[in-house]
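User: I would like a close look at one part of this model, with the cut-offs behind each term.
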Amino acid sequence: MADRNIPEINAGSMADIAFLLLIFWLVTTTMDKDLGLSFRLPQDVHPPSDWIPPVVKDRNVLNIILNSNDQVLIEKEKHLLSDVTSFVQDFYLSNDDNMPIRMRVTEAQIADTLGKLAALVMQAEQNASTKAQWYQVSRYNSHIKEWEAYKESRNLLGDFTIMSKRAVIRFQSNNGTSYKAYFSVLDQISTVLKDERNKLAEKHFNMTFDHLMKLKDTDPTVRNKIRAIRHQLPLKLLEPDPNNF
Amino acid sequence: MKLIKRKALKKAVGISTASLPDIVFILLFFFMAVAVMKTSDPLVDYEVPSSEELYRFEDQSLLANIRVGKDFKTNRTIIQLGDAIRNIEDIPAFLQYAQPEVNRTGSNKIIAFLEIDKEIQMGLVNRIKQQLVSMEVYEIALAGTEE
């Protein structure tokens with residue numbers, strides 16, 4: 001009785017069960033990665049009809065036009081599709097006369113600008129009567145918010161350079177443009193920006209911008225760093241709707 | 001002679017397969033970790049443009065898939081929203097349907113994941129964008145493949 005052996009359970013079919021599970025997973029899942037370019041569409045803003053938008057200097061705008069034959073016009077000259085990269089690089093980095101106006105953000109500059117804006121708001125609020133004037137006040141207030149944020153960025157980066165608020169890449173496509181060409185332009189713009197942001201983040205925070213973005217959800221201090229990098233290298237893209245011409 | 005006879009009588013030693021389930025389970029767990037659930041099968045024929053620098057969207061539950069391409073048979077341009085072929089006017093309803101799914105994960109930012117064929121003209125893409133803006137979906141992703 002005592003030396004009776006416990007019978008062994010046959011585990012041979014265990015493998016079959018595991019294989020079945022494995023095959024089930026292979027069939028129902030996919031290894032495809034969702035890869036793509038990330039963008040933000042502009043919000044529909046409706047400024048009051050009597051509001052006159054400020055005049056934007058020519059040098060602050062990089063004009064890229066794609067026609068329905070996928071031909072590219074950059075700054076009124078015919079170019080190859082692949083030339084966009086170098087123009088965008090110049091737009092962000094070059095100090096030439098025909099490139100966007102740049103400004104150094106120093107402690108004195110921040111104090112000076114905030115003072116001026118506060119005075120402007122005071123004055124504008126006193127005289128505001130029309131919708132357009134109130135709209136202008138709200139714009140001044142948003143500028144103030146932005147300069148307040150520059151203060152924090154300055155603590156992280158030291159004195160840094162910003163582009164003119166009105167600097168913009170104006171990318172005009174046409175309803176007949178192929179998606180391939182359109183994608184290529186956006187891809188070049190975002191690649192340049194990504195590379196430059198990575199370099200800048202590497203310089204200041206010893207890690208790439210991509211890495212910062214990955215840490216965003218776990219580390220709250222990273223958000224200020226991301227914002228600081230974005231202050232210096234903002235994505236300034238304007239895509240006029242081809243149907244509104 | 002005696003020696004050879006004795007050897008032939010011996011039964012062949014069986015290889016133990018006891019560890020086979022373990023190996024298969026390891027494989028299974030590997031796939032469970034690496035793979036993600038299929039959201040929908042493509043019902044349109046499309047080929048996204050290629051690029052070198054692409055962002056990887058980790059959280060599939062945030063994505064609302066919109067595919068634009070050709071019908072497999074008729075070569076007509078068609079739009080797939082989620083699991084079905086629909087019209088461009090159905091995009092708002094589709095996004096509304098996709099929204100609660102997203103809210104459960106804690107974030108309410110839905111990303112329109114646009115998988116658009118290379119040869120599609122921008123007119124259609126612009127109309128899709130207008131629909132997205134009308135539903136206040138501003139985050140978009142333009143799908144691409146790595147070269």
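Which residue in strand 5 of chain A is the bridge partner of A:Ile74?

Analyst: The bridge partner of A:Ile74 in strand 5 of chain A is A:Glu77. This is a predicted model, in which local features need pLDDT of at least 70 and side-chain atom pairs count only at pLDDT 80 or more, while totals for chains, interfaces and linings use all residues. Residues are numbered from 1 along each chain as its sequence is written, and chains are lettered from A and ligands numbered from 1 in the order in which they are written.

Strand 4 (residues 72-74) and strand 5 of chain A pair in the antiparallel sense over 3 bridges. Strands pair here if DSSP finds at least two bridges between them; strands (E, at least two residues) and helices (H or I, at least four) are DSSP runs numbered from the N terminus. The pair belongs to an open sheet of 5 strands in chain A, with the order 5-4-3-8-9 and mixed pairing. Strand 5 (77-79) and strand 9 (237-238) of chain A are the edge strands, each pairing on one side only.

Two helices of chain A pack on this sheet. Helix 2 (residues 84-93) of chain A touches strand 3 (61-66), strand 4 and strand 8 (168-172) of chain A, with its direction at about 165° to that of strand 3 of chain A. Helix 5 of chain A touches strand 3, strand 8 and strand 9 of chain A, at about 155° to strand 3 of chain A. Contact requires C-beta atoms, placed from the backbone, within 7 Å. The angles, from 0 to 180 degrees, are between N-to-C directions of lines fitted to C-alpha atoms, for helices over the stretch in contact.

Buried means 20 or more other C-beta atoms within 10 Å of the residue's own, exposed 12 or fewer, and partly exposed in between, with C-beta atoms placed from the backbone. Beyond its neighbours within four places in sequence, B:Phe113 is in contact with residues of both chains, including A:Asp34, A:Gly36, B:Phe57 and B:Ala143.

The contact between the chains takes 44 residues from chain A and 47 residues from chain B. On the side of chain A, the elements that give two or more residues are helix 1 (12-28), strand 1 (29-30), strand 2 (35-40) and helix 5 of chain A. Strand 2 of chain A runs antiparallel to strand 3 (residues 55-56) of chain B, joined by 2 bridges, and A:Leu35 stands opposite B:Arg56.

Helix 4 (residues 131-157) of chain A has A:Gln136, A:Tyr150, A:Ser153 and A:Leu157 buried. Its buried residues pack against helix 5 of chain A, as well as strand 6 (102-105), helix 3, strand 7 (160-163) and helix 7 (221-232) of chain A. Just after helix 4 of chain A, A:Gly158 takes a positive phi of about 80°. By contrast with those buried positions, helix 3 of chain A is hardly covered, with 0 buried residues among its 21.
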